[in-house]
Amino acid sequence: MQRIRQRLAKYSLWEHLLGLWFSRNFTQHGIIVVTGRQPFPKVINRGGDIYVGNCQFYEGVRFEIGKKAVLQIGNGTYLNRNTVVVAQKRVDIGKDCLIAWDVVIMDSDLHPIAGKIMEDKPVVIEDNVWIGCRTIILKGVRIGKGAIIAAGSVVTKDVPASTIAAGVPARIIATSPAAILQKENPEQS
Amino acid sequence: MQRIRQRLAKYSLWEHLLGLWFSRNFTQHGIIVVTGRQPFPKVINRGGDIYVGNCQFYEGVRFEIGKKAVLQIGNGTYLNRNTVVVAQKRVDIGKDCLIAWDVVIMDSDLHPIAGKIMEDKPVVIEDNVWIGCRTIILKGVRIGKGAIIAAGSVVTKDVPASTIAAGVPARIIATSPAAILQKENPEQS
Amino acid sequence: MQRIRQRLAKYSLWEHLLGLWFSRNFTQHGIIVVTGRQPFPKVINRGGDIYVGNCQFYEGVRFEIGKKAVLQIGNGTYLNRNTVVVAQKRVDIGKDCLIAWDVVIMDSDLHPIAGKIMEDKPVVIEDNVWIGCRTIILKGVRIGKGAIIAAGSVVTKDVPASTIAAGVPARIIATSPAAILQKENPEQS
C-alpha cells in the first residue's frame, strides 16, 4: 500500500485533479491519476457499481457499466489510452495489471436480443496480467495470474496463469517470462 | 416506417440537430441522428453519392466516397463510434444492421497504382447483419442476411446468411442465433 | 528529390505550417506536411533522435522515442492517421512507404521488467512498402522492399521483399503486384 502511495506521489497535481474528476462517479476508489488530455476518460454508468483501487488511467479510457453490473479494478493497475471496458454483468481486473492502449474488455455481446441466448458472462483478469495493445477480451474469459496476452489478440477462452497467449483466437504460445523472473527473484512483485 | 420514426423520436433535439448537420452533403436521406460529440462524424466526398435512410451514427464515424462511388445505408441501421466506410466504387449496407465501434468497411485497397491490378470491388452487407467491434470488411465481400461477424475479425470472403463468422481471415464458426430466434419468434423483426 | 518537392508543393500553407510545428523537435528533417486537424500529431521524446525526410503525416500520428533510441523515415513516405511508432532502440522506415491508418510499429514490448528477457529489437521497413490499416508490426521484424502487409495483420516475423503478407500472425499469401508492375514498367518508381 505504501509502495503504491509512493509511486502515485510522482504524478503531477494536474494528473491527480483529473483523477479526482474521473473518479467522481465511482462507488468506491483509492488514489486515481489520469495522464494525458484529450479525450478525457469517460464513464457511462446505467446503474452499476465501480470499485477501483489506486490506479492510473490514460486519455480516452471508457467504462460502460450496465444496470446492476460491477466493475472492480485492483491496486497498482493501469489502463492505457482508449481502452474500453464494457461490464453488463461483472468485470474483475486484479492488482498490478498492465493494460496497453486500444484494448477492449467486454462481458457482453451488447446485442438487443441479449435475452436467453446472448447471455452476459463475467470476465476475470487476475493479478499481474499484461495485456498487449489492440487486444479484445470477450465474455466469459478468465486470464490467470501473471499471464501475458500478445498485441492484437482476440481472447475467447480462458488463459492459464503464467502463460503467453497470442492470435485470433488467442492460443497459448509459451510460458510467461514474468513467471520465470518470479522464480529467479522471488522478492519482486 | 412508423416504427422507425417512433424509435427516432426518443432521441434528443441535439442529436437530431447534429444529424441534420452531418447529413447536409448526403444525396438523399431520412431522419439522421448523431449521438456523442468529439470527434464529429466526417464525410470526405470526392464526387460520389450517399443515400442514407433513417439511421443513427455515433461520434467519429467517417465516410470516404470516391468519384462516382455510391454509399447506400438502409433504414434502422446504426454505425457506432469511429466506424469508417471507404467507398471507391459501391458499398451497400442493408436495413436494421448493427455495426459496432472501430469497424472498417472498404471496397478498395486505396493504393495509388490501383489501375488494372488493384481494382475496387463492391461490398454488400445485407439486412439484419451484426458486425462486432474492430472488424475489417474488405473489398468484394457480401455478408448475407442475419449474419454475425465476431469482434476483431477480418472478412476477406463472402459470409452466408444466418451464420457467425470469426477470425483473421474470418471463417464460419456457427449458425447465427438470430436465425434461430427468428424461427422461434417469427413475428419479431 | 525534385519530384518529391513538386509533390509537396501541392499541399496547403496550413499543412506546411502544421508540419513545421510538428517537426520542431526532430533532430533533422526535410519538408514535413501535416494533413488533418484533431488530434494533432504528437512526439514523446525521452532522449532519442528523429531523422525524417520529406514526408506527410496525418492527424493523430504519435512517436514515442526512448532514451538513445533512433527513428528514421525516408523521403516520400506517409503515415496516415493515428499511426503509432514506438522506438526504444531503433525503427527505420524506408522511402516511398505508404502506411495506412491505425497502424502500430513497435521495437519493444514496453514492459517494466524489460531487462534481460524482454529486450528491444530494431524494426526495419524497407523502401516502397505498403502497410494496410490496423496492422501491428512487432519488434525485430524486417519488411523487405516492395512488400505489402494486408489490413489487420500482426507481423511477428520477417517479410521478404515483393511479397504480400496477411493474418495474425502474418504469413506470406502471394507475390506483391507492385513487384509484377515493376517488371512490366521498369521505369516506374
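Trainee: What makes strand β17 of chain C and β19(C) a pair, and in which sense do they run?

Mentor: First, this is a predicted model, where local features need pLDDT of at least 70, side-chain atom pairs count only at pLDDT 80 or more, and totals for chains, interfaces and linings use all residues. Residues are numbered from 1 along each chain as its sequence is written, chains are lettered from A and ligands numbered from 1 in the order in which they are written, and side-chain values use heavy atoms, with hydrogens and water left out. Now, two strands pair if DSSP finds at least two bridges between them. β17(C), residues 148-149, has two bridges to β19(C), in the parallel sense, so the pair meets the rule. C:Ile149 stands opposite C:Ala165 of β19(C).

Trainee: Why is β17(C), with residues 148-149, called a strand?

Mentor: A strand is a DSSP run of E with at least two residues, a helix is a run of H or I with at least four, and both are numbered from the N terminus. Residues 148-149 make up β17(C), so the run reaches the strand cut-off. By that count, chain A holds three helices and 20 strands.

Trainee: What does β19(C) pair with in the antiparallel sense?

Mentor: With β20(C). β19(C) spans residues 163-166, β20(C) spans 171-175, and four bridges join them. C:Ala165 stands opposite C:Ile172 there. The hairpin of these strands has four residues between them, and C:Gly167 takes a positive phi near 105°.

Trainee: Why is the pairing in the sheet of eight strands in chain C called mixed?

Mentor: Strands of a sheet pair through backbone hydrogen bonds, either parallel or antiparallel. This open sheet runs β2-β5-β8-β11-β14-β17-β19-β20 in chain C. Within it, β17(C) and β19(C) are parallel, while β19(C) and β20(C) are antiparallel. The edge strands are β2 (32-35) and β20 of chain C, each pairing on one side only.

Trainee: What order and pairing does the open sheet of six strands in chain C have?

Mentor: Its order is β3-β6-β9-β12-β15-β18, and its pairing is parallel. At the β18(C) end, β15(C), residues 136-137, joins β18(C) through two bridges. C:Ile136 has C:Val154 as its bridge partner.

Trainee: How many bridges join β7(C) to β10(C)?

Mentor: Four, between residues 70-73 and residues 90-93, and these strands run parallel. C:Val70 has C:Arg90 as its partner in β10(C).

Trainee: Is A:Ser153 buried or exposed?

Mentor: Buried means under 20% relative accessible area, exposed means over 50%, and partly exposed is in between (1.4 Å probe, protein chains only). A:Ser153 has 0% relative accessibility, so it counts as buried. A:Ser153 sits in the loop between β17 (148-149) and β18 (154-155) of chain A. Contact means heavy atoms within 4.5 Å, and the residues that A:Ser153 touches beyond four places in sequence include A:Arg134, A:Ile136 and A:Ala165.

Trainee: Why is B:Asn75 called partly exposed?

Mentor: Its relative accessible area is 22%, so it lands in the in-between class. B:Asn75 belongs to the loop between β7 (70-73) and β8 (78-79) of chain B.

Trainee: How do you know that the buried residues of α2(B) line one face?

Mentor: They are B:Glu15, B:Leu18, B:Gly19 and B:Phe22, in a helix of residues 13-22. Down the axis of α2(B), they fall within an arc of 105° (taken from the directions from axis to C-beta atoms), so they line one face. On the other side, B:Leu13, B:Leu20 and B:Trp21 are exposed. The cover over the buried residues includes β2 (32-35) and β3 (42-45) of chain B.

Trainee: What volume does the largest cavity have?

Mentor: About 200 Å³. On a 1 Å grid over the protein atoms alone, a cavity is a set of points where a 1.4 Å probe fits but cannot get out, and lining residues have an atom within 4 Å of a point. There is one cavity of 30 Å³ or more. Among the 17 lining residues, those closest to the centre are A:Arg134, A:Gly152, B:Arg134, B:Gly152 and C:Gly152.

Definitions and conventions:
1 Å grid on protein atoms, 1.4 Å probe; cavity = no way out; pocket = protein on both sides within 12 Å on 5 of 7 lines; lining within 4 Å. Points joined across faces, edges and corners; volume = space filled by probe spheres on them.
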